[in-house]
Amino acid sequence: MLGAGREKTRKTEALCVAEWNVRIPLGKPTSQRPDRKTALVALEMNRYNEGRAALSETRLLGHDSFEDHGKSTQERKEAGVGFAFPEYVVGVLYMLVGIMELRLVMALCIIGNLRVSKMAAVFKPIIRWAQSKERVFLTLELSDVQYPAVELTSNRLVFQGFGHGARGEQQYHVDIDFYRPVDITASSHKVLDRHVEFSIAKLKGQHEFWPRLIVDEQKPAWLKVNFDRWQSGDTSDSEEDEQEERAKLENLMANTKAMELDLDNEIEKTKKEVFRFIRTFYLVVYNLMQGGLYLYITSVLVYKVIFQGTAAFSEAYNSVSDVLASCQLAAFLEVIHPIVGIVKTGALAPFMQVFGRNLVLFLVVVANKELHELAAVYGLFIVWSLIEVVRYPFYASQIVGIRIEPLMWLRYTLWIPLYPLGVLFEVTLIWKAIPLLDESERFSVKLPNALNFSFSFAWFLRVYLIFLVIGGCHMMKHMYALRQRRYGKKKSKTK
């Protein structure tokens with residue numbers, strides 16, 4: 001069976017020979033499957049360490065014969081000589097020569113100058129197919145494809161390339177005879193990193209589902225169904241349906257985005273409304289609370305002067321000083337409100353008013369016990385209370401949008417007697433406190449000290465008296481302008 005051909009002539013001849021694949025039986029020596037007949041050739045070649053073998057006969061296709069891939073499956077192989085080569089020889093020659101069209105052609109000198117063309121071992125990749133009414137989809141499970149060669153005709157697809165498939169890194173070959181003719185002009189293919197895709201268009205007028213992919217009724221082992229892309233005959237895959245579904249999806253996405261935008265706007269609107277409600281509620285409660293406390297102070301002072309006469313002047317401090325001090329400390333919130341944006345007014349005016357009152361109350365009146373029983377203290381407390389018992393309820397009504405005309409009139413009128421009296425009582429108390437502060441040197445800083453700095457609070461009050469009078473006049477001018485804007489005489493219309 002084994003042997004080498006003899007050299008009959010010196011002439012070089014080209015013979016077309018083929019090789020079957022004997023790699024699997026040699027690659028799995030522990031396999032329990034019975035040896036194939038073709039494997040006997042490999043065993044004998046390995047036994048005698050032969051690098052090539054000539055086979056004496058070639059039978060018909062399907063009866064252990066050699067398949068010449070250059071011919072159709074219907075042709076009979078009744079003549080010819082087959083040669084077998086070890087796989088490593090095939091691999092070396094393949095890497096040296098490469099691909100020509102659909103065959104791997106290698107030049108091998110067997111005997112002398114005899115030239116032989118040899119076809120490489122044939123490996124089939126796994127092919128998954130699916131279809132619609134208009135197209136056939138093929139996926140070749142072959143990655144990292146090199147040297148791809150594609151030939152597509154109306155009845156046949158031939159593909160060959162070197163890549164990594166089911167049999168490892170090999171040269172893979174595909175030869176498919178379609179069940180029906182196809183439109184090659186509308187077909188396409190893509191060689192991707194992980195697989196090769198074919199989108200093959202069916203002929204116009206023949207848009208129907210094929211019962212199978214290939215002409216042969218027997219399905220080969222390497223051909224499988226791609227259920228992920230498969231469509232049954234009841235499925236509509238027309239372009240109109242796709243466009244309609246795409247339009248519906250786009251409309252749904254657009255409506256969803258619009259709803260999301262509306263929802264965001266509603267959330268922002270709700271946040272603003274909640275903040276407005278909280279701000280309104282807080283300001284109303286604050287102003288009503290302050291107005292209520294000043295109403296209590298006013299009621300106590302008026303009650304005492306009615307039932308005790310002038311004796312109530314000396315008891316004013318002890319009667320309401322604690323409540324008044326609490327109200328004045330809470331008034332510092334009126335400086336914070338414009339800073340944090342709760343109210344849309346400036347912070348300077350409320351700061352000057354709150355600072356001036358707290359300076360007089362805590363550093364002048366409270367700090368000097370000699371002033372507690374003076375009638376000026378009673379006068380200062382009753383003036384401040386009458387001003388605030390109108391101002392705070394007026395602010396609360398403005399916040400909720402309720403117009404109370406009598407309260408508005410009091411707000412823009414009651415200041416006329418009260419502001420000058422308030423400035424007069426503050427100046428009087430400061431003037432009486434200056435000698436006491438000169439003597440006690442309270443709140444003053446004397447030298448020497450670590451900062452090398454001196455400060456006389458009594459002299460500070462002397463200078464403050466000037467600013468107090470100027471500030472009082474400016475405040476009264478401002479209130480007069482507001483009253484003129486609200487109740488000033490309207491110019492008569494000229495006819």
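Leaving aside neighbours within four places in sequence, Glu315 is in contact with Lys304 and Gln308. Contact here means heavy atoms within 4.5 Å. Glu315 sits in helix α5, residues 311-330. Helices are DSSP runs of H or I with at least four residues, strands are E runs of at least two, and both are numbered from the N terminus. Val305 is 10 residues from Glu315 in sequence, and the two C-alpha atoms are 9.9 Å apart. Glu315 has a relative accessible area of 33%, so it is partly exposed. The scale runs as follows: buried is under 20% relative accessible area, exposed is over 50%, and partly exposed is in between, with a 1.4 Å probe and protein chains only.

This is a predicted model, in which local features need pLDDT of at least 70 and side-chain atom pairs count only at pLDDT 80 or more, while totals for chains, interfaces and linings use all residues. Residues are numbered from 1 along each chain as its sequence is written, and side-chain values use heavy atoms, with hydrogens and water left out.

Turn now to the strands. Strand β7 covers residues 135-140, and five of its six residues are buried, so the strand is largely enclosed by the rest of the structure. It has partners in β6 and in β12. Two strands pair if DSSP finds at least two bridges between them. Strand β6, residues 127-131, runs antiparallel to β7 over five bridges. A hairpin of three residues joins β6 to β7. Strand β12, residues 196-202, pairs with β7 over six bridges, also in the antiparallel sense. In β12, Thr139 stands opposite Glu197.

Next, a helix pair. Helix α7 spans residues 348-366 and helix α8 spans residues 375-400; their axes come within 13 Å and cross at roughly 150 degrees. That angle makes α7 roughly antiparallel to α8. Angles under 35 degrees count as roughly parallel, over 145 as roughly antiparallel, 65 to 115 as roughly perpendicular, and the rest as oblique. The axes are lines fitted to C-alpha atoms, for helices over the stretch in contact, and angles run from 0 to 180 degrees between N-to-C directions. The crossing of α7 and α8 is left-handed. In a left-handed crossing the near helix is turned anticlockwise from the far one by less than a right angle; clockwise would be right-handed. On the α7 side, the residues that meet α8 include Val360, Leu361 and Val365. Their counterparts in α8 include Leu380, Phe381 and Trp384.

The loop between α10 (415-440) and α11 (457-487) holds Pro448. The peptide bond from Leu447 to Pro448 is cis, with omega near -5 degrees. Most residues other than glycine have a negative phi, and most peptide bonds are trans. At 36% relative accessibility, Glu441 is partly exposed. Phe443 also lies between α10 and α11. Its phi is positive too, at about 65 degrees. Phe443 is partly exposed, at 38%.

Last, the cysteines. A disulfide is a covalent bond between the sulfur atoms of two cysteines. The test is a pair of cysteine sulfur atoms within 2.5 Å. A search of the whole structure finds zero disulfides. Cys327 is buried, at 0% relative accessibility. Cys473 is partly exposed, with a relative accessible area of 45%.
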